[in-house]
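Hi everyone, thanks for coming.

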Amino acid sequence: MEKLRIAVRKFDPFESTLQKLWDLFCLKNNITIEAEMIPLELHDLYEETITNKGLINGNWDIAHINTDWIFDAVNEKAVLDLNPLISENPPENYPEGWHQSLLHLQQINNGTYGLPFHDGPECLIYRKDLFENSTEKENFKKQFGYELHPPKTWKQFTQIAEFFSRPEQNLYGSVFAHYPDGHNMVFDFCLQLWTRGGSLLNSQNQIDINHTSAIEALDFYRTIANNKKAIHPQSKDFGSVEAGMAFAKGEAVMAINWFGFASMCEVIEESAVKEKVDITELPHNENHKTASLNVYWLYTIGTGSKHQKLAYDFLRFATTPESDKLLTTEGGIGCRKSTWNDVEINTTIPFYHKLETLHENALTLPQTPVWPKVAELIDKMVLKSLESNIPSEKLLEETQNLILQII
């Protein structure tokens, strides 16, 4: 029996939403074909869809591809240009229904290679109940001489994280995702770089990480990562999902993670911190401004799919305002402006409307087919910095030399 095969980013809210949407879609359109949805971790998802050519050879009809990989996927001719299908039958209120920042990364060489699925730039997620607690405020001011508030600088971030770390209560000042999967630590390094006024690109628009801001960024990151008084002890084993879950279970006071993990705290059953969470912009170094990172997930269709029309019909259905809202109530992040401003959603998740502001400071990663390989090199460099005493200058110089060999 023929099946529609969907490669899904492994995350409970994604899996439950997609299954519900498929069931509703089949019911509404009298579809009898079955969908096989396979949840995959980040590395496996990339390998299955792009490296092993699963989207080209028809092994996958639909895949979750993030915007880090989309340029690579297009270059490999793995994903379908949706423009002809959109011209014939556009998604509801397309493109006006979405913020421009969720439409441009999949538009490559005049083609459109995906529809927005899940969003939520990086931000600082924190426990507002603890920050607002009068005893905590009093003790903090006695110790540090200034008012307790969400950190504006990285120095304050470290002090607050150390202040709130109480291992005996299974409570830690902060939680990071240090699992080396080519993503989390790369994103963290970029955020450290950008909030110090640095850039990944030089004046010739080439990737260049061998400079002072990058040294400062790596120095700080390896220091905080090894500061047992400031971070969750399992950070080294956590990906972003696991770090998000640790925060939701009440094991950390601050997290630098995707917006989606803040909203998840308000909607999942396992959450121990419902109504105790807020978000704000990331800390930065003195004399520099905050930054965020915009990487988002797309629905894409494989060039080798035998069910392209059915796949597109499902994508149209999966991106309606109702479907987008469903993703949000399940614990993901809807991409439509209508969801961001939805009264019901903002009642459940009071900080949801802040998404638009986060997008104003959100930067993106360089769009080049070699980015996944560059990310791998940065990932290895950051990991080496956490596990060795090799000076940051030397690590950055070595890594830049390796980057020059592939660009």
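This is a predicted model: local features need pLDDT of at least 70, side-chain atom pairs count only at pLDDT 80 or more; totals for chains, interfaces and linings use all residues.

Residues are numbered from 1 along each chain as its sequence is written, and side-chain values use heavy atoms, with hydrogens and water left out.

So, the helices (DSSP runs of H or I, at least four residues, numbered from the N terminus). Helix α6, residues 134-144, packs against helix α7, residues 154-164, at about 125 degrees, and their axes are 11 Å apart. Those axes are lines fitted to C-alpha atoms over the stretch in contact, with angles from 0 to 180 degrees between N-to-C directions.

Who touches whom? From α6 we have Glu-136, Asn-139, Phe-140, Gln-143 and Phe-144, and they meet Gln-159, Ile-160, Phe-163 and Phe-164 in α7; contact here is heavy atoms within 4.5 Å.

On to the largest pocket, with about 500 Å³ of space. A pocket is an open set of points on a 1 Å grid over the protein atoms alone, where a 1.4 Å probe fits, with protein on both sides within 12 Å along at least five of seven lines; lining residues have an atom within 4 Å of a point. The volume is the space filled by probe spheres on those points, joined across faces, edges and corners. Of its 24 lining residues, His-43, Tyr-46, Pro-372, Lys-373 and Glu-376 are closest to the centre. Helix α17 gives the largest share, eight residues.

Notes:
Helices (H or I, at least four residues) and strands (E, at least two) are DSSP runs, numbered from the N terminus.
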